[in-house]
Amino acid sequence: DKLVNWHPYTQMKTAEDPIPIVKGKGVYLFDDKGKQYIDAVSSWWVTLHGHAHPYIAQKVSEQLHTLEQVIFAGFTHQPAIQLSENLLKLLPDNQEKVFYSDNGSTAVEVALKMCIQFAHNQGKKKTKILAFKDAYHGDTFGAMSVSGRSVWTKPFGDMLFDVAFIDTPTSDNLHGLQSQISHIADEIACFIYEPLVQGAAGMLMHNPKDLSELMKFCKKQNILLIQDEVFTGFGRTGKLFAADYLTEKPDIMCFSKGLSGGTMPMGITTSSNEIFNAFLSEDKYKTLFHGHSFTANPLACTAALASMELLLNKETQDNIRLITDKHKEFSQILNQHPKVENVRQTGTILAWDIKTEQGTSYFNTIGKFFYKEFLNKGIILRPLGNIMYLVPPYCITAEDLEYIYQTILQVLN
């Protein structure tokens, strides 16, 4: 591995040997020595129903023997049509068109291009973007540009485009945010935001009511809304989508991660017909010139259809409620712990900060200590510095959750 591979978010010079994983089943991963690990972070938040799910595997296998890939420009296929229809039924009713890509970053890139060209196609120049200060929308250049500036983006700072960053809304700062936005509203093409939970920023959470108010204000200012549900979509927040907590509807939505149940790479950007219609023209130059080789890949569409079917099952919905309730009980215990602060929860997402002299930081060294301690005890957690979180697959049992909770307390003590 070290001779040939370059791993993500990894300083390869100082990194320890990676753990060879040879098999997955349900909530468990198994290494080459037979050791079992509970995947408590759903392998970077993607694995909804557990590893190697037999139903998804069966459906993908069937599709593989029928049609594995076809160019999506000028052609179509049943899995893509069915997936678009099924997904749109679950989204706010103004979401009417589906554009396929292959990951969360590209779903965001597509959304940004839609908004900027939406204005351009109508003879307007609106190129400024509005985003949250601690945002994370991906690692491609457009997605980096609308993400919070940090050491991650520093080498590319002069190459990122113009973004107006604002704080997340609260009842105290909402009026100030509205005033800040109104001064530049004519220049703003869109507002992109992670609804309710900012994942990579440290599982930062904000209130649905305050976000809805901010969305409503932006709509009055003719600012398009891009709702990035790459992380929060498909049940993570306790409801199917974060949109289900909000009173306002976005113009565009972005999806990936849990979309295919963690089985295959896929991204989706949905839009209203108002957005779509701005690209309909006899003028070919008003086309959305964007595409990927594997756009609407039939295998990925089939995996997503199977995953969505499992997600809507009563058993899955019951287990989402179980995880949510168990997290809530455990959060009350964590709140009393002297080494813990800022315990927060939205649905199946539970997060807390470890008190340290280094303060809250992605580079806080205590994260490495906790990571290794949990690995030794057969649990995969990936702390964001001193910020700990749980995002388990929906198939996890109450017994495995209890083992994780007790191990956390043991390691803390």
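In strand 16, Met388 is the bridge partner of Trp352. Strand 16 and strand 14 (residues 349-354) run antiparallel and share four bridges; pairing here takes at least two DSSP bridges between two strands, and strands are DSSP runs of E, at least two residues, numbered from the N terminus, with helices being H or I runs of at least four. The model is a predicted one, with local features needing pLDDT of at least 70 and side-chain atom pairs pLDDT 80 or more, while totals for chains, interfaces and linings use all residues. Residues are numbered from 1 along each chain as its sequence is written, and side-chain values use heavy atoms, leaving out hydrogens and water.

Strand 16 (residues 387-390) is covered on both faces: Ile387 and Tyr389 are buried on one side, Met388 and Leu390 on the other. Buried means under 20% relative accessible area with a 1.4 Å probe, protein chains only. Strand 6 (residues 163-166) also has buried residues pointing both ways, Val163 and Phe165 in one direction and Ala164 and Ile166 in the other. Strand 6 pairs in the parallel sense with strand 5 (residues 128-132), over four bridges, and Phe165 sits opposite Ala131.

Then there's the second largest pocket, lined by 24 residues, with Val98, Phe99, Phe276, Leu288 and His290 nearest its centre. A pocket is an open set of points on a 1 Å grid over the protein atoms alone where a 1.4 Å probe fits, with protein on both sides within 12 Å along at least five of seven lines; lining residues have an atom within 4 Å of a point.

Notes: Buried means under 20% relative accessible area, exposed over 50%, partly exposed in between (1.4 Å probe, protein chains only).
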